[in-house]
Amino acid sequence: MTKVQAVGFYQHLPISNENSFQDISIDEPTLKPHDLLVAVDGVSVNPVDTYVRKSGRATSLAHPKVIGWDAVGHVQAVGEQVKLFKVGDRVWYAGDFKRSGSDSQQQVVDERIVGLAPESLNDQQAAAIPLVGLTAYESLFEQLKVGWNNHNQTILIINGAGGVGSMAIQLAKLAGLKVIATASHPDSIAWVKKLGADQVVNHHQNLVNQIRTKEMPYVDYILNLNNLDAHWHEIAELIKPDGHVAATTENHRLIDLQKLTKKRVTFAWEWMYSKSYYQLDSMISQHEILNHLAQLYDQEKLVSIQTKHYQPINAANLRKAHADVETGKMIGKVTLTGWDKH
C-alpha cells in the first residue's frame, strides 16, 4: 500500500503540547464511486479544527486522527460515477465531517461538495474560503431567506471580523443589504469597514442601545456567529416582526424561543456539514455554491480574507495556526500551503 504524508494526532491535547500534532504517514485513500482523489496544495484552520483537536478522551487513539476542513488542490483520480470533474482540475472544498481531513497530501472527497477553484486566487488565498464561504452563503440565502435584490433592509452580523463574518459582510452587501457588523478592536473595526460594513458596533457593549433609533427600531435579519448565550436577549429585542434569525454557534444555556413568539420571528441553525453528514439530496448545492463563489471572485466582486500564512504544511506550522485561532482574536483566516519534499 502506498503511503502519503499527513499531519495528525494520537491524543486530544492542548496546542502547547508538542504531540498535539505529529508528522505521520498514512495509507493512500481509496475511492468510492462519487469520489475525487485530490492532491492537497493548501489548507486553512477554522475554529471547528481546534474544537475537534482538543475535545476528546485523553486516552491514546489506536490510529492517528487526521482533521482539516478546507482545501484547494488538483484532481488526481476520479471514481467510476464521477461526472462533474476530470483529472487535472483545480478544485476547492470544505470536506465532510465523517471522513478523514485535508491535513494530508491526498484526500478523497465526494464530487457533489466540491467546486472549481477560482483562477484569480492563489492557493494560500483560495484555501481560506470554502468552509466560511459555504457557511455564510447558506446562512444568508438558505436559512435567513435573503434575496439578491434588497432595498432598505438591514442585517446585523455578530462577530463580523471572523472568517464567516468576513464572507457574510461581502455577500450581504452584494445582495443589497445595509450591514451592521460587530467588532471591538481597532484592527477588527478597520477590517469590517474595509469589507463594506455600513455601521460597526461593539459586541462587548449593549447592542440595543448602539443600534436602535427612531428611524431604525428593528433590523430585518440577524446572523449570530459567536456566543449566542450572551446576545440572545438583544437579538430578540432588535429583530423585526416577521424577521429572520440564524446562528452558527451552539448555545450552552437554554434559549427562550418564546421571546420571538409575538413577533412571529423565524429562527434557524446553520451547520454547513449537515448535507453531507446526512447524505441529503441537497448536497449538490454545495458544488453549485462553491462554483458561484469562484465566479464572484473571478469577477472581482469578493476580496481575499486570508490574513496569515505558513509554509509548508507540517505539524509545527499547524500548531502555530491552531494557536492563532485559539486566541479568539483572529481577523480573517490563517492558511498553510505546500508540503516538504521527501
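In this tour, Ala, Val, Leu, Ile, Met, Phe, Trp, Tyr, Cys and Pro count as nonpolar, Asp, Glu, Lys and Arg as charged, and the others, Gly among them, as polar. Keep in mind as you click around that this is a predicted model.

**Stop 1: the second largest pocket.** Select V52, K65, V66, I67, W69, F97, K98, R99 and S100, which line the second largest pocket. The space there comes to about 150 Å³. By the grouping above, its lining has five nonpolar residues, one polar and three charged.

**Stop 2: the largest pocket.** Now move to the largest pocket, with a volume of about 1,400 Å³. To find its centre, select P47, Y51, N159, L225 and T249, the closest to that point among the 48 lining residues. Colour the lining by type and you will see 20 nonpolar, 22 polar and six charged residues.

Which elements supply at least two residues each of this lining? They are α1 (47-54), α3 (130-143), α4, α7 (228-238), α10 (315-326) and β15 (333-337). Helix α1 gives the largest share, five residues.

**Stop 3: helix α4.** The buried ones are G163, V164, G165, S166, M167, A168, I169, Q170, L171 and A172.

**Last stop: G176.** Step just past α4 to G176, where phi is positive, at about 90°.

Note on methods. Residues numbered from 1 in each chain as written. Predicted model: local features only at pLDDT ≥ 70, side-chain atom pairs only at ≥ 80, totals over all residues. Heavy atoms only, no water. Buried < 20%, exposed > 50% of the residue type's maximum accessible area, 1.4 Å probe, protein only. Helix = DSSP H or I, 4+ residues; strand = E, 2+ residues; numbered from the N terminus. 1 Å grid on protein atoms, 1.4 Å probe; cavity = no way out; pocket = protein on both sides within 12 Å on 5 of 7 lines; lining within 4 Å. Points joined across faces, edges and corners; volume = space filled by probe spheres on them.
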